Amino acid sequence: MSTVELTAANFDQVVSENDFVIIDFWAGWCMPCRQFAPTYEKVSGNHDDIVFASVDTEAEQQLAAAFDVRSIPTLAVIRDKTVIYAQPGALPEKTLEDLIQQARDIDMDKLKEEAQEA
């Protein structure tokens, strides 16, 4: 699956209609972002059940601010409408695959229960 361009206009729809979304926050002038893009695109092809989205931080400054993006590239992982990961840095392919597996392994019911108790 190719990546989806995420904007303020389609954000709610994409997140509410999909259980698993990974977002790459990037900018055209950012060399690490441009170097990471092929890896992100390649890994997206390995996971048909995940929406791989990208946010151009220059065009979508409000959306980037909502995620408190201060450095790019930044990756965010959303499962069941809950942000479970948000960190800056371009990841190598193996590390990105490991992150996806860790995100898959999270017991979302337990996580939500713990969040309510906190």
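This is a predicted model: local features need pLDDT of at least 70, side-chain atom pairs count only at pLDDT 80 or more; totals for chains, interfaces and linings use all residues.

Tutor: Residues are numbered from 1 along each chain as its sequence is written, and side-chain values use heavy atoms, without hydrogens and water.

Student: What makes the 20 residues a nonpolar core?

Tutor: A nonpolar core is a set of buried Ala, Val, Leu, Ile, Met, Phe, Trp, Tyr and Cys residues joined through side-chain atoms within 4.5 Å. Buried means under 20% relative accessible area, exposed over 50%, partly exposed in between (1.4 Å probe, protein chains only). The largest such set has 20 residues, and Leu6, Phe11, Ile23, Phe25 and Phe67 have the most contacts inside it. Elements that give two or more residues include helix H1 (11-17) and strand S2 (20-26). Helices (H or I, at least four residues) and strands (E, at least two) are DSSP runs, numbered from the N terminus. A second, separate core has 14 residues, among them Val43 and Leu91.

Student: How do you know that the buried residues of H4 line one face?

Tutor: They are Leu96, Leu99, Ile100 and Ala103. Seen down the axis of H4, they fall within an arc of 100°, so they line one face of the helix. The arc is that of the directions from the helix axis to the C-beta atoms. On the other side of H4, Lys94, Gln102 and Asp105 are exposed.

Student: Why is Asp24 said to have no salt bridge?

Tutor: A salt bridge needs a side-chain nitrogen of Lys or Arg within 4 Å of a carboxyl oxygen of Asp or Glu. For buried Asp24, the nearest side chain of opposite charge, Arg34, is 12 Å away. Asp24 is in strand S2. Its contacts (heavy atoms within 4.5 Å) include Phe36, Tyr40 and Pro73.

Student: What makes the peptide bond from Ile72 to Pro73 cis?

Tutor: Its omega is near 0°. Pro73 is in the loop between H3 and S4. Most peptide bonds are trans.

How values were computed. Lys and Arg count as positive and Asp and Glu as negative; His and the chain ends are not counted. Lists of a residue's contacts leave out its neighbours within four places in sequence.
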